[in-house]
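Please look over the structure shown here before reading on. The briefing below is arranged by topic and is meant to be read alongside it.

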Amino acid sequence: MTTPAGTAGYGEAAEQLAVQYESVSFAEVHRELYHRYPAPPASVLDIGAGTGRDAAALAALGHRVVAAEPTPELRAVGERLHAGSGVRWVADALPDLPLLVAEGERYDLVLLTAVWMHLAPAEHPSALAALTRLLAPAGRLALTIRHGPVPAGRRMFDLPPEPTVALAADHGLRLLHRATRADLHGRDGVHWTMLLFER
């Protein structure tokens with residue numbers, strides 16, 4: 001698999017990023033949307049799973065979880081940190097998620113946490129098409145959008161949420177919940193929009 005441009009800067013920083021990612025809990029990261037997630041046991045896909053913090057937490061709650069992470073170094077850290085969690089790791093990437101789409105499995109919940117900003121707007125239609133194919137009927141997609149300055153060496157886009165909401169509607173995804181919050185790591189000028197859609 002060709003390394004996607006959106007992963008630039010993540011492999012060489014995997015160990016430091018693991019400390020950062022694991023310093024906040026699943027409950028903190030998802031508090032605005034979690035009350036609308038399906039009850040266990042559900043089939044969950046965590047795309048851009050990083051070090052597996054969320055995937056492992058959801059598996060511990062009784063969900064069947066697949067973690068898709070295109071950066072080999074992050075995937076290796078996640079498999080080490082959360083060994084025995086029952087999470088299945090897959091090397092797949094947006095916008096097209098070819099391996100997961102080919103498997104044909106459908107998920108009750110798909111997470112895109114701190115991932116969408118790595119895709120150029122031109123990639124969003126194909127990404128949402130792939131995500132929709134992976135959602136079960138009435139499946140839910142939780143997506144966060146980062147706003148603020150782009151760190152050096154990273155490929156990110158600071159985008160308003162409205163085009164994503166409109167594009168999701170075009171793909172048959174209804175907006176269930178929208179929230180905003182400050183950055184949990186206290187980075188200057190960074191804030192987030194949280195969106196939850198239902199197929």
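In what order do the 7 strands of the open sheet stand, and what is the sense of their pairing? In this predicted model, the strands form an open sheet in the order 3-2-1-4-5-7-6, and the pairing is mixed. The chain as a whole has 199 residues, of which 53% count as buried.

**Overall make-up**

- The secondary structure of the chain comes to 7 helices and 7 strands, and from the N terminus on these elements run α-α-β-α-β-α-β-α-β-α-β-α-β-β.

**The sheet and its edges**

- The order of the strands in the open sheet is 3-2-1-4-5-7-6, and strand 3 and strand 6 (174-182) stand at the edges with a single partner strand each, so one side of each is left without a neighbour in the sheet.
- Neighbouring strands of this sheet are turned by 15 degrees against each other on average, with direction ignored.
- Strands of a sheet pair through backbone hydrogen bonds, and they can do so in either a parallel or an antiparallel way.

**Strand 2 and its partners**

- Strand 2 (residues 64-68) is largely enclosed by the rest of the structure, because 4 of its 5 residues are buried.
- Strand 2 pairs with strand 1 (residues 43-47) in the parallel sense over 5 bridges, and within this pairing aspartate 46 stands opposite alanine 67 of strand 2.
- Between these two strands the chain crosses from strand 1 through helix 3 (residues 53-60) to strand 2, and this β-α-β crossover is right-handed.
- Strand 2 also pairs with strand 3 (residues 88-90) in the parallel sense, here over 3 bridges, and the bridge partner of alanine 68 in strand 3 is valine 90.
- A right-handed β-α-β unit is made by strand 2, helix 4 (residues 72-81) and strand 3.

**Strand 1 and strand 4**

- Strand 1 pairs with strand 4 (residues 107-112) in the parallel sense over 3 bridges, and leucine 45 stands opposite valine 110 in strand 4.

**Helix 3**

- Helix 3 is mostly covered, since 6 of its 8 residues are buried, and these buried residues are Arg53, Asp54, Ala55, Ala56, Leu58 and Ala59.
- An α-helix has 3.6 residues a turn, so residues three or four places apart point the same way.
- Helix 3 is followed by glycine 62, whose phi is positive, near 105 degrees.

**Cavities**

- How many cavities of 30 Å³ or more does the structure hold? There are 2 of them, and the largest cavity has a volume of about 50 Å³.
- The largest cavity is lined by Val29, His30, Leu33, Tyr37, Leu112, Thr113, Ala142, Leu143, Thr144 and Met194, and these lining residues divide into 7 nonpolar, 3 polar and no charged.
- Strand 5 (residues 135-147) gives the most to the lining of the largest cavity, with 3 residues.
- In the second largest cavity lies about 30 Å³ of space, and the residues that line this cavity are Met117, Arg146, His147, Gly148, Val150, Met156, Phe157 and Asp158.
- The lining of the second largest cavity divides into 4 nonpolar, 2 polar and 2 charged residues, whereas the lining of the largest cavity has no charged residues.

Definitions and conventions
Residues numbered from 1 in each chain as written. Predicted model: local features only at pLDDT ≥ 70, side-chain atom pairs only at ≥ 80, totals over all residues. Heavy atoms only, no water. 1 Å grid on protein atoms, 1.4 Å probe; cavity = no way out; pocket = protein on both sides within 12 Å on 5 of 7 lines; lining within 4 Å. Points joined across faces, edges and corners; volume = space filled by probe spheres on them. Nonpolar A, V, L, I, M, F, W, Y, C, P; charged D, E, K, R; others polar. Buried < 20%, exposed > 50% of the residue type's maximum accessible area, 1.4 Å probe, protein only. Pairing = 2+ DSSP bridges. Right-handed = clockwise from strand over helix to strand, strands pointing away. Axes fitted to C-alpha atoms, helices over the stretch in contact; angles between N-to-C directions.
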